[in-house]
Amino acid sequence: MEKSRAGRQLVFSLLFALWFTCCLTQTTPSNAPTPTLTPTPTLTPSPSPSSSSQPQTERLKVRLAGYPRKHNEGRIELFHKGEWGTICDDDFSISNANVLCRQLGFVSATGWTHSAKYGKGQGKIWLDNVQCNGGEKSVEVCKSRGWGNSDCTHDEDAGVVCKDERIPGFVDSNVIDAQVDENRIEVVRLRPVVAMARKKMPVTEGVVEVKYKDGWAQICDLGWTIKNTRVVCGMLGFPHEKKVNKNFYKRLRKRAAVKVSRPKVNVSAGGRPASKAKANSKSKPSSAAKRLYLERQKNFYHLHSVACTGTEVHLAACTLEFSKPNATSTCAGGTAAVVSCMPGPMFMQSSGSKKKLKISNNVRLKGGSRLGEGRVEVLKDNEWGTVCDDRWNLQSASVVCRELGYGSAKEALTGARMGQGMGPIYMNEVKCLGVEKSVWSCPFKNITSEDCQHMEDAAVRCNVPYMGLENSIRIVGGRSTYEGRVEVQVGSKWGTVCSSGWTTREAMVVCRQLGLGYSMHAINETWYWDSSNVTEMIMSGVKCTGSEISLGHCQHHKTVSCQKSAAKFAAGVICSDTASDLVLNAPLVQQTVYIEDRPLHMLYCAAEEDCLSKSAAQANWPYGHRRLLRFSSQIHNIGRADFKPKAGRHSWVWHACHGHYHSMNIFTHYDLLNANGTKVAEGHKASFCLEDTDCQEGVSKRYECANFGDQGITVGCWDLYRHDIDCQWIDITDVKPGNYIMQVVINPNHEVAESDFTNNAMKCNCKYDGHRIWLHNCHIGDAFSEEAERRFEKYPGQLNNQVS
């Protein structure tokens, strides 16, 4: 009887639960007196593709579309039931955008758009009234009307703006696998086995380990190939792979297995137990051998097998077979996979491989704020040009990265994300397989000016080896992580750096070493920053070229020698993620050059501003003339930040002669050099009026000198100094006929920080017959600088350029 009653109660409970659940899913009309409004639809998690008619192996894909847009923004489109469709903007929010941006491989969203800002999509509107909390792994689990249930038109298509920072492990920059897989491989490392290798950076050989849950797991080496090694090395920032000495590791394992299994007490030749010390010394295996032996005993193998083609940019893109959790043996007959990589020249230890690697001299990266990133530029017929981003992908980007001594590409960037270049665009629709030695070996199309513009310049972010350089330097006392006094570690001791001779070059190296981008200012007095915990000065005489990867690679005194050793004279920096980049329009100089004999009575203002050669002081003023080499200079800012004078307007100098303010004492140097690089004539140009003369389409002028206005050059704009204004010349009155080199250097003292100082100079071959002048082969490049040569004159026993 009791059993029968219990059974009836159970049936009743189940029926009630089903009825209650059904009621909850019904649409409840609003009781508010608004009969014209449509009742709010029921919002339920959208059925996942695996629960529909689609095969369970198919996963939801998400992409950004529309125009105009950057690579991290656009109209949201979802691939469902074999068709791409959009999302309606009804009830859309930043929480929805965060979920979608993470599915696209970005860390988060910075905004969202409505009303088809990126253009109207086509086909289905897959989702409407989407309401995410923000923490969902996929938009398909957020509440919505359901797949294909919408009352919207494509005029209401939603879009997102994602933060331009990628999640590690995502390998497709456009269509991203939306389903988060527990088996996704994101982080890979090499754990060195040999004790000596653990002390050197970067780690180039060791056991391959993948991040798994809260720890690290190994990969079984059964079927492991050199192609797998190439992919791992590329991820870790190495351009090339090497074969591992398997016999070495086999001997270690065998020796460990034998010695670990030996009893601790040995028997001597006479039948007596040997001494404990002797027994222990013989039975103790090497640390490396014991380590390998013990690793073999543990089942930490997350991956049972890996099969890469060698062109993948990430291990996650290879065919992977994961170990089954209940398997008794996950790597029977095998052991942990070990790989060996070859670093690029920049990261190679002085005692490294005998094989000297060379990097490309006809490909370079420009405009990047960090090591291994930048706009791709290629050299053809002695002139640098850019690459158009049509069909630009990770395989082509990886070829560029590897030929420059880095690993595979982390990101292939489009839309001039590293600034717009100048000059020709040499390549379009580059189609590398990923195995080529140079991007020049890949198929590509030659283009015309109608095909591409510099707003489509391609760029890359490459994988670089972890060097740990940021652990030996810090900035303290500032108001943010980008401002402060420089402190370095020498041995186990931390201390400050002498500011004597501290320039933008040295500050650039500090910011690069810390991963903080560019140096905006090199600070020589840091008294206004917190000095409560100032350490003693332990480094002086620092001299850098500006291209070093750490301050320890620069020259410096072996023993500290600083005239101003007080804490307030310690070196400091202010770093920034962006910087300006000035480049001269070289063809315009060549087109506008001419000679003028100008009467002295018209040169009083020029003489006052030191624009004539020294011999002019002995001239018979106001009679006679000066022979001037005149030309126009058009200076473009192709960087990612405005170029602004270092001095504030309160310190600008009024020049009554010309009727304007000078914001920089010297803005450009104009020099005529002989074949040995010695100056035979010179001139200089103060920033009489640093302003936006004109700008690219879509860019507005921001700087104008009139009425004591702000001075500077906006990104995408240029300042034009016409050939017919004062001081726009070189005084060649004393120059004899012959062949010379004409050189123009912008921002010669590096008074204002730029992302690239190597393109601040223009050189032309110059022929002067005493009456006329010809310029040819004008090109942008490094300046010849006697000052730079003097900076690196060695003082015997005083300078040291060894890595600290």
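Buried, in these notes, means under 20% relative accessible area. I kept that cut-off beside me while going through this predicted model.

**Entry 1: the whole chain**

I began with the overall picture. The chain has 804 residues, and 47% of them are buried. I then looked up the secondary structure and found twelve helices and 44 strands. Next came the contacts between residues at least 6 apart in sequence: 71% of these join residues at least 24 apart. For the surface, I noted that the chain exposes about 40400 Å². Carbon and sulfur atoms supply 51% of that area.

**Entry 2: cysteine 220 and cysteine 331**

How many disulfides does the chain have? The count comes to 16. I picked a few to look at, starting with cysteine 220 and cysteine 331, whose sulfur atoms sit 2.0 Å apart. The angle about their S-S bond is 75°, and the link is right-handed. This pair joins distant parts of the chain, 111 residues apart. Cysteine 220 is in the loop between strand S12 and helix H4, while cysteine 331 is in the loop between strand S15 and strand S16. Are the two ends buried or exposed? Cysteine 331 has 7% relative accessibility, so I count it as buried. Cysteine 220 is buried as well, at 1%.

**Entry 3: cysteine 611 and cysteine 727**

My next stop was the disulfide of cysteine 611 and cysteine 727, with 1.9 Å between the sulfur atoms. Its S-S torsion is about 90°, which makes it right-handed. Cysteine 611 is buried at 2% relative accessible area, and cysteine 727 is buried at 1%.

**Entry 4: cysteine 695 and cysteine 717**

I went on to cysteine 695 and cysteine 717, a disulfide with its sulfur atoms 2.0 Å apart. The torsion about this S-S bond is about 100°, so I wrote it down as right-handed. Cysteine 695 lies in strand S38 and cysteine 717 in strand S39, so the bond ties together parts 22 residues apart in sequence. Both cysteines are buried.

Key. Residues numbered from 1 in each chain as written. Predicted model: local features only at pLDDT ≥ 70, side-chain atom pairs only at ≥ 80, totals over all residues. Heavy atoms only, no water. Helix = DSSP H or I, 4+ residues; strand = E, 2+ residues; numbered from the N terminus. Buried < 20%, exposed > 50% of the residue type's maximum accessible area, 1.4 Å probe, protein only. Contact = heavy atoms within 4.5 Å. Areas by Shrake-Rupley, 256 points an atom, 1.4 Å probe, with all protein chains shown as cover. Disulfide = S-S within 2.5 Å.
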